[in-house]
Each structure stands twice: as C-alpha cells, then as structure tokens.
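Let's take a friendly walk through a protein model, one piece at a time. Keep the picture open beside you as you read.

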Amino acid sequence: MPKAPVFRLAVLLLTVASSLPAATPPAAEARPAEALYETGRRTRDGIGKYYFGREISQVMGHQGAGWLERPERELEERTDLLLDALKLRAGDAVADVGAGSGYFTWRMAKVVGPQGTVHAVEIQQIFLDLLMANMQRRRVADRVRPILGTVQDPKLPDGSCDLILLVDVYHELDFPFEMARSMVRALKPGGRLVLVEYRGEDPEVPIKPLHKMTEAQVRREFSIQPVRFERNIDVLPRQHILVFRKEP
Ligand SMILES: C[S@@+](CC[C@H](N)C(=O)[O-])C[C@H]1O[C@@H](n2cnc3c(N)ncnc32)[C@H](O)[C@@H]1O
C-alpha cells in the first residue's frame, strides 16, 4: 500500500478545538457507568480522552477538504460500492453526520431524489458553507438541510431518519456516548445507523492507528445503546461498513 496518503492525512489532521463551538452543558440525563470517559496519555493524533480504552482522535480541520474530495478517493475507497451497500430508496430521509465537504451528502441526495431529505450535520460552520456551495453546484440543494450540531448533539429531529451515515467520523467524536444516544433517538423505528471506519485489524490499511477502528471495539461501544448490531458489510478495500438497527 502506498504510504503517501498516510502522511497527507497526518498533515491534515490539525487540532481545531479552538475553532469549534463550545461543548454544550452536560446532558441532563446521566451516562451509564460503563460509558466512562477517562483521561490518559495524550498521543500525537489523540486528545488524551479515552472511551472503552480507546483514545479519541483529533478532529479533522477544514483544511482537509481537498483530501476528502480528492479524485482518486473513489478508486481507493470504492465509495461507489459503499453507496450501493446502503440500499437507499427514493424518498428516504437520511443524515450524513460529520458531512465535511459533502462528499457523501450529494451522492446520497442524488439517490433519495427530490422527495427525499439529507440532513448534513457538521460542527464546523466553514464545512457547512463549503458543503452547501457544493450542493448548489450539483443542483441538489433543494433536498439538503445543513445542521450546525455541537460535539454532544447532532440536533437531528427525533424519529426522523431512515438511515444515519458516519464515514470516517465516529473515531473523532469527542462525546461518542452522547452523540450515539442522540443519533439513535433520531432514527425511525427500524432505521439504520451505519458507521464506516478504516479497518483497525488490518496493518496494511495505510492510515494512522487512531483513525482506524476494529469491529470489536465499535460493537463494545454500541453494546450500551438501544440498537442491534446487524452486520459488517465486507465489500470495501480499506473500511468496515458496520450496520446497527433500531428495533421496529
Ligand atoms: C474525516 S472528516 C469526514 C468527512 C466526510 N464524512 C467524508 O467522509 O468525506 C470528519 C468530519 O467529522 C466532523 N465532526 C467531528 N465531530 C463531529 C460531531 N460531534 N458532530 C458532527 N460532525 C463532527 C468534523 O468536523 C469533520 O468534518
């Protein structure tokens, strides 16, 4: 595997904490005891905060937009296969959480069509501005709803989504428990939460360790959420497609 992408990703993973909206006050509802955040050694790409023994990674800054939109991405990551695997239908209401420049927002917007909706959630306004400009250019802005979330709350309406997609995002959530809880609430009964993460089990995947996740780790972290693990769709060259479903 070429090493260049690793270096480029490392360069792009800039700390952006200072430019992010301040964390909302702690949620009124308590976290269960297992959902413990611990402080530990801060490694180069991490924030020194640990969840289920995993150090949370730094957030990608808006300077990474070019990398997200790189032309070779489709071949490297087979994003076409990922889109197919989602099995979206015209008219679906979906969310792209951590949407970045909107790489998946517009591709999903094309599939759900004018009767569908794509909620594009970001914590960086600059990404949302760029994303909406891209959606105008692609002529799908009519069905895309930009949402400025916080690090704890995607601000999606309860029970509104058939599917919520996070591509290369979950490992960098500062508050994974609160975000997961809120996203599950935003699903319709029977709706799907889909996490796409670089495979942590595979040393050949040329991505820094904190930006990869194993299936076992993701499943541990979701074992305390009211969703059922459905399957890992194993069709991509570098990433897991981990599907959780809310009970109907
Ligand atoms: C590596 S980028 C991936 C962008 C996009 N999903 C893609 O694959 O092209 C991760 C994005 O997640 C966003 N992010 C991080 N924490 C977030 C949160 N709590 N809520 C919403 N977005 C978040 C970051 O701002 C960043 O734009």
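This is a predicted model: local features need pLDDT of at least 70, side-chain atom pairs count only at pLDDT 80 or more; totals for chains, interfaces and linings use all residues.

In which sense do strand 8 and strand 9 (residues 212-213) pair, and over how many bridges? They pair in the parallel sense, over 2 bridges.

**Around strand 8**

Strand 7 pairs with strand 8 in the parallel sense, and Ile 164 has Leu 193 in strand 8 as its bridge partner. To get from strand 7 to strand 8, the chain passes through helix 7 (residues 176-186), forming a right-handed β-α-β crossover. Strand 11 (residues 239-245), in contrast, runs antiparallel to strand 8. There, Tyr 198 has Gln 239 in strand 11 as its bridge partner.

Here are the pairings of strand 8 in brief:

| Pair | Sense | Bridges |
|---|---|---|
| Strand 7 and strand 8 | parallel | 6 bridges |
| Strand 8 and strand 9 | parallel | 2 bridges |
| Strand 8 and strand 11 | antiparallel | 7 bridges |

As background, strands of a sheet pair through backbone hydrogen bonds, either parallel or antiparallel.

Now look earlier in the chain. An open sheet of 3 strands has the order 1-2-3, with antiparallel pairing. Strand 1 (37-39) and strand 3 (54-57) are its edge strands, each pairing on one side only. On average, neighbouring strands in this sheet are turned by 45 degrees against each other, ignoring direction. Strand 2 (residues 46-51) is joined to strand 3 by 3 bridges, and Tyr 51 has Arg 54 in strand 3 as its bridge partner.

Helix 5 (residues 103-112) and helix 6 (residues 125-138) have axes that come within 10 Å and cross at roughly 35 degrees. Their crossing is right-handed. On the helix 5 side, Thr 105, Trp 106 and Ala 109 meet Leu 131, Asn 134, Met 135 and Arg 138 of helix 6. Sorted by class, this contact has 4 nonpolar, 2 polar and 1 charged residues.

**Two loop residues**

Arg 139 sits in the loop between helix 6 and strand 6 (144-148). Its phi is near 60 degrees, a positive value in a residue other than glycine. Is Arg 139 buried or exposed? Arg 139 counts as exposed because it has 10 C-beta neighbours inside 10 Å.

Lys 155, in the loop between strand 6 and strand 7 (161-167), also has a positive phi near 60 degrees. With 14 other C-beta atoms within 10 Å, Lys 155 is partly exposed.

How values were computed:
Residues are numbered from 1 along each chain as its sequence is written. Two strands pair if DSSP finds at least two bridges between them. Helices (H or I, at least four residues) and strands (E, at least two) are DSSP runs, numbered from the N terminus. Axes are lines fitted to C-alpha atoms, for helices over the stretch in contact, and angles run from 0 to 180 degrees between N-to-C directions. A crossing is left-handed if the near helix is turned anticlockwise from the far one by less than a right angle, and right-handed if clockwise. Two residues are in contact if their C-beta atoms, placed from the backbone, lie within 7 Å. Ala, Val, Leu, Ile, Met, Phe, Trp, Tyr, Cys and Pro count as nonpolar, Asp, Glu, Lys and Arg as charged, and the others, Gly among them, as polar. A residue is buried if 20 or more other C-beta atoms lie within 10 Å of its own, exposed if 12 or fewer, and partly exposed in between; C-beta atoms are placed from the backbone. A crossover is right-handed if, with the strands pointing away from the viewer, the path from the first strand over the helix to the second runs clockwise.
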